[in-house]
Amino acid sequence: MICKTFYLYSQPLYPNVLFRIFHKTNFNLIKQKKMANIKYYLGEEIPLEMHKVRVVQRLDLVPIERRLKAIEEAGNNTFLLFNKDIYLDMLTDSGVNAMSDKQMAAMMTVDDSYAGSATFTRLQEKLFEIFDKKYFLPVHQGRACENLLSQAFVRKDTYVPMNYHFTTTKAHIRVNGGEVLELHMPEALNTVSDVPFKGNLNLEALQQLINKEGADKISFIRLEAGTNLIGGQPVALDNFIETGKIARQYGIPFIVDASLLADNLYFIKTREEKYKDLSIREITKILSETADIIYFSARKLGHVRGGGIITNNETIYKKLLEMLPLYEGFSTYGGMSTREMEAMVVGLDETMDEEMINQGPMFIKFMIDELVKHGVPVVTPAGGLGAHLNAMEFLPHVPKEQYRAGALGAALYIASGVRGMERGTISEEREADGSDHLAAVELLRLALPRRVFTLSQVKYTIDRIVWLYENRNLIGGLEFYEEPTVLRFFFGKLKPTSDWQEKLVAKFKQDFGDSL
């Protein structure tokens, strides 16, 4: 299908919270809408969309000759490709998820007052309803949260332990003099696994760090609800609860990055047995109770352009509030369009709908399962955000220093017109001595923005990946010829180490003829 969907379908008291929620469970089982259980008479196992397409956007699949030229012009950096040359944009799910009809309608009811906007009040009340946190600071996106929180909390020569870093998070912490410590579980980096919650924080390692360095040396503990860089792997609700207990025992701030929360909520409900009978709202309340601060990119959570920080701590709120006008804007808009804020109110409500949050994980699982059938190395179990190709095993013949995931991203674009994102060594920063910090995993992420792609488009992508895997020995490496010193994956430019891209094009023409 040469189109894509534009918008779609019409101080915590843990025991008390758990008792209150479990007490309501039997009633909620009757009244809450359950995720659809669909079986096919013909035996197929494919995800069924619980929405319909009402507005579409035309797409173009340019010839392979143009794709070769386009990736050369972009310096073999998929970030630098122009949209006119892209068929399916699987670079990210940030800011490109499909909005619903109700979100679009809500944008027309906006109060765009500079100060004291009723739109802000509606959003603040919705966040309190869902997360039970009364203080809200709006920002323009997730990394703005990271900037404010790092400036407020990170002290020179202190540590920020977390389950896994994100690129901009790490950069903000380092700029403010802190050091990121990744305290992930041993299985987190096992690309092939059946462990359901590979994103868990290693609680034993956290306790050892506190015992060794002391609580005063820890600026805060960060838990990312869905590990972006290692396959969108989720965090168990029990892990949030136990992390919160340790943080409070030692007086260490506990901060949750909830940008990928929607997927993580789905996995808690479907993979964590003891919580399977709770509603998404109930799971969200328990998770929120564990954290002092929750921040998020609304480009992911809520499907709009913006973000926010929420807390129940008035002291923290006032400290951050002083910084908000300097970096973002006044307290009732903070860098966000009020129209986006109205849409976020609806988007957050829709995130509590099991039929909405299951669509992404179901499509991702379908893609992963099909690739596994053909022997393509991918991260398992299927996580959130997107499907992740394991470039380490896909291209074992390419030296690690020649950026396997980046080379695979360039090759896939040439073969298909599909844009993915390198999540490997290119996404790391160099060591102090100038050498590359070789990533623990080399992944090519193929994000599946929510409610955007059709199943036929996913199948097309699978087909081209399988062809590429069977011709993987044609793919070579890359080397930098323009390299920024910070976050080089955004603007750096690379060139192939040989003429492997021309050979790949020749093989494509041999196998596909005049097909696009």
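**Pockets and cavities**

Tutor: In this predicted model, the largest pocket holds about 850 Å³ of space. Its lining is made up of 31 residues, and I46, P47, Y266, M362 and K365 are the closest to the centre of the pocket. Two helices, α9 (261-271) and α14 (359-373), each contribute at least two residues to this lining. The largest share comes from α14, with nine residues. By class, the lining of the largest pocket comprises 16 nonpolar, five polar and 10 charged residues.

Rolling a probe the size of a water molecule over the atoms shows where empty space is left. The largest cavity has a volume of about 110 Å³. Among the 14 residues that line the largest cavity, N76, N77, T78, E422 and I426 are the closest to its centre. Helices α16 (404-416) and α18 (488-491) each provide at least two of the lining residues, and the largest share, four residues, belongs to α16. This lining divides into six nonpolar, six polar and two charged residues.

The second largest cavity contains about 90 Å³ of space. Thirteen residues line the second largest cavity, and D93, A262, K300, H303 and R450 lie nearest its centre. Four of the lining residues are nonpolar, five are polar and four are charged.

A298 itself belongs to the loop between β10 (293-297) and β11 (307-311). Because its relative accessibility is 0%, and residues under 20% are classed as buried, A298 counts as buried. Its C-alpha atom is separated by 7.4 Å from that of G308, a residue 10 places away along the chain.

Two packed helices are described by the angle between their axes and the distance between the axes. For helix α7 (residues 203-213) and helix α8 (residues 237-250), the axes come within 11 Å and cross at roughly 10°. Angles under 35 degrees count as roughly parallel, and therefore α7 and α8 are roughly parallel to each other. On the side of α7, the contact is formed by L203, L206, Q207, I210 and N211, while α8 supplies N239, E242, T243, I246 and Y250. Five nonpolar, four polar and one charged residues make up this contact of α7 with α8.

Technical notes:
Residues numbered from 1 in each chain as written. Predicted model: local features only at pLDDT ≥ 70, side-chain atom pairs only at ≥ 80, totals over all residues. Heavy atoms only, no water. 1 Å grid on protein atoms, 1.4 Å probe; cavity = no way out; pocket = protein on both sides within 12 Å on 5 of 7 lines; lining within 4 Å. Points joined across faces, edges and corners; volume = space filled by probe spheres on them. Nonpolar A, V, L, I, M, F, W, Y, C, P; charged D, E, K, R; others polar. Buried < 20%, exposed > 50% of the residue type's maximum accessible area, 1.4 Å probe, protein only. Axes fitted to C-alpha atoms, helices over the stretch in contact; angles between N-to-C directions. Parallel < 35°, antiparallel > 145°, perpendicular 65-115°, else oblique. Contact = heavy atoms within 4.5 Å.
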